Amino acid sequence: MSRLYQPAQSIESTSGDRGQPLSFQWRGEVHRILHLGNRWRVHLDWWRVEIWREYFQVEAHTGFTCVIYHDLLTDEWYLERVYD
Amino acid sequence: MKVAYVFVPHFALAVEEREDPSLKRKAVVIGGLPHEKGNVYEVSPEASEQGVKVGMSLRQAEEICPEAIFLPTREEKYRAAFEEMLKALEPFSPFIEPHGLDGAYLEVSGLQRLYGPEKRLGRSIVEAVKEATHLPIRGGIARNKFTARIAALEGTDEKVQVIAPGKERGFLKELPVTLLPTSDEMRGRLHLLGIRTMGQLASLPKSAVLAQFGLEGRWANQLARGQDRSKVIGRREQGPQELGFRFEDPVEEMQVLQMTAKQLSVELLTRLHYYGRVCGKVSVTLEYDTGQEEEKQIALSEPSAEELKIGLAVERLVASFDYGDRVSALKVSLDQLTQGKGHQLSLFSTRTLRQRRIDNAVANITGKYGSHCFLQAQLLDLHAALPERRFALLRPEAPTTRFPVKRDHEQALPTSTKYRVHEWR
């Protein structure tokens with residue numbers, strides 16, 4: 001099961017040269033990313049309020065598994081889903 | 001609506017005679033050998049004339065008619081022959097409803113362009129079945145199922161009797177009430193009251209029939225008047241109704257699975273409502289991304305087609321799986337379908353006990369901590385690319401308080417003043 005955060009939680013993240021996240025900080029805890037799962041892009045509504053995101057399914061060194069995304073328009077990172 | 005009913009009189013006997021023509025016009029009893037323990041399954045008119053009846057013991061049959069030819073029952077053979085007959089009928093209508101193991105109803109509305117008037121259509125049906133099965137078929141065409149069946153029963157071999165629209169009551173008038181599909185008790189009471197023909201029954205006021213025989217009587221009265229609203233239910237619609245959904249990406253959220261399953265059940269129920277049917281068993285099958293399948297089912301305490309009941313059953317079923325892996329497909333099926341009976345709608349709330357308990361709990365918690373504790377989820381678009389567009393979380397409506405709270409200005413004013421305020425308005 002998983003929990004979807006709506007709206008997504010803002011996080012601070014460091015990213016590698018290919019745009020992949022290396023680590024992120026959420027609720028004062030730093031999560032180093034050990035494993036990158038799925039990675040996909042969503043580009044929608046360019047004619048209205050544009051949405052352009054890159055999603056990552058990640059597993060941190062703490063065992064924390066979640067879905068985070070990079071807002072490519074504002075260059076901000078968000079945490080959207082946390083898996084049990 | 002135009003309905004045709006076709007059947008083969010003494011079906012089992014006709015199948016046996018087809019294989020061995022020497023049995024024709026002889027006293028034949030099907031059910032087993034006379035020394036065997038068992039009952040008579042089918043009897044030829046010649047044996048019937050001597051007093052042998054379907055259902056009596058074989059030993060009794062032998063005593064009554066010792067010269068009869070006794071044959072074992074070969075139900076598989078009869079079933080195969082019946083399938084042949086249904087296959088021969090398939091080109092005439094997509095809606096074929098088997099009736100017992102000797103007849104079938106066909107929905108034949110709008111076939112004039114293809115087959116001409118009903119008489120010609122009837123001839124075509126008889127010829128097609130005869131050519132495919134070599135069985136003597138008999139039929140009837142009328143505006144409803146009951147009249148079509150009686151027309152076939154009263155007709156002659158290898159012919160189809162057509163009852164013109166509006167002539168149903170006249171056709172049934174002189175026929176005995178024993179042809180009505182009623183219980184033995186009602187048949188006995190009709191006999192006691194001296195009601196012998198359908199015309200007599202049809203001429204009675206509906207209220208009197210209802211008072212005397214209840215709902216069964218009202219139904220019989222309608223049939224005797226040549227009114228039958230039941231639909232021809234095709235073979236496809238008779239089997240379990242099922243619908244499935246394959247997810248593009250395997251899913252593991254139970255809420256999504258529950259919502260999908262509920263949507264599927266609503267679609268299935270629309271089909272059931274159309275045919276006036278109810279289901280007795282609900283099952284959900286999950287296909288995991290590993291390829292494994294798992295099925296769980298619930299037998300309903302009583303057959304139902306209520307969205308609320310079926311929805312709850314589906315919800316419970318989805319929640320009962322263990323979910324070792326992610327789900328790639330889901331199937332909902334409604335089984336044990338039977339003809340539904342009308343029921344009186346309640347004047348009061350039909351919410352289940354469980355829902356009422358949830359409502360009360362929500363009202364109590366909201367009253368104590370505020371309405372921000374709860375959000376109501378609403379499915380928007382299951383396939384939206386963004387998860388937040390798949391469903392919306394809404395603030396629930398403020399619960400109704402059990403004790404009416406006076407508004408501020410009302411509390412401030414004495415009763416008399418309050419009334420005066422109303423008068424001034």
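Across the interface of chain A and chain B, the rule finds three residue pairs in polar contact, both residues being at pLDDT 80 or more. A polar contact here is a pair of N or O atoms within 3.5 Å; within protein, one must be able to donate a hydrogen and the other to accept it, and residues adjacent in sequence count only if both atoms are side-chain atoms. On the side of chain A that touches chain B, the elements giving two or more residues are β1 (2-15), β3 (29-44), β4 (51-60) and β6 (76-83) of chain A. Sorted by class, that side of chain A has seven nonpolar, two polar and four charged residues. For these classes, Ala, Val, Leu, Ile, Met, Phe, Trp, Tyr, Cys and Pro count as nonpolar, Asp, Glu, Lys and Arg as charged, and the others, Gly among them, as polar.

A few words on conventions before going on. This is a predicted model, in which local features need pLDDT of at least 70 and side-chain atom pairs count only at pLDDT 80 or more, while totals for chains, interfaces and linings use all residues. Residues are numbered from 1 along each chain as its sequence is written, chains are lettered from A and ligands numbered from 1 in the order in which they are written, and side-chain values use heavy atoms, with hydrogens and water left out. Helices (H or I, at least four residues) and strands (E, at least two) are DSSP runs, numbered from the N terminus.

## The interface

Chain A brings 13 residues to the contact and chain B brings twelve, where contact means heavy atoms within 4.5 Å. About 1,100 Å² is buried between chain A and chain B, with carbon and sulfur atoms giving 52% of that area. Met1(A), Gln6(A) and Arg81(A) supply 44% of the area that chain A buries against chain B, more than any other three residues. Buried area is the accessible area (1.4 Å probe) that two parts lose on being put together, summed over both.

The rule also finds two salt bridges across this interface. In one pair, Glu253(B) meets Arg81(A), with the closest N and O atoms 2.5 Å apart. A salt bridge is a side-chain nitrogen of Lys or Arg within 4 Å of a carboxyl oxygen of Asp or Glu.

## Two residues of chain A

Is Asp45(A) buried or exposed? Asp45(A) counts as buried because its relative accessibility is 7%, buried meaning under 20% relative accessible area, exposed over 50% and partly exposed in between (1.4 Å probe, protein chains only). Asp45(A) sits in the loop between β3 and β4 of chain A. Leaving aside residues up to four places away in sequence, Asp45(A) touches Glu50(A) and Arg389(B).

Arg41(A) belongs to strand β3 of chain A. With residues up to four places away in sequence not counted, Arg41(A) touches Trp52(A), Arg53(A), Glu54(A) and Leu72(A). The side chains of Arg41(A) and Glu54(A) make a polar contact at 3.4 Å.

Chain B has 17 helices and 15 strands. Of its 425 residues, 40% count as buried. Among contacts in chain B between residues at least 6 apart in sequence, 60% join residues at least 24 apart. The accessible surface of chain B is about 25,100 Å², 51% of it belonging to carbon and sulfur atoms; accessible areas come from the Shrake-Rupley method with a 1.4 Å probe, and for residues only the protein chains shown count as cover.

Over all chains, the count of salt bridges comes to 21. Here are some of those in chain B:

| Glu158(B) | Lys130(B) | 3.4 Å |

Glu287(B) is buried at 19% relative accessibility, whereas Arg246(B) is exposed at 53%. Glu315(B) in helix α14 (residues 307-319) and Lys262(B) in helix α13 (residues 254-274) of chain B are 53 residues apart. Lys262(B) is partly exposed, at 33% relative accessibility.

Finally, salt bridges link Glu16(B), Glu19(B), Arg74(B) and Lys77(B) in a network.
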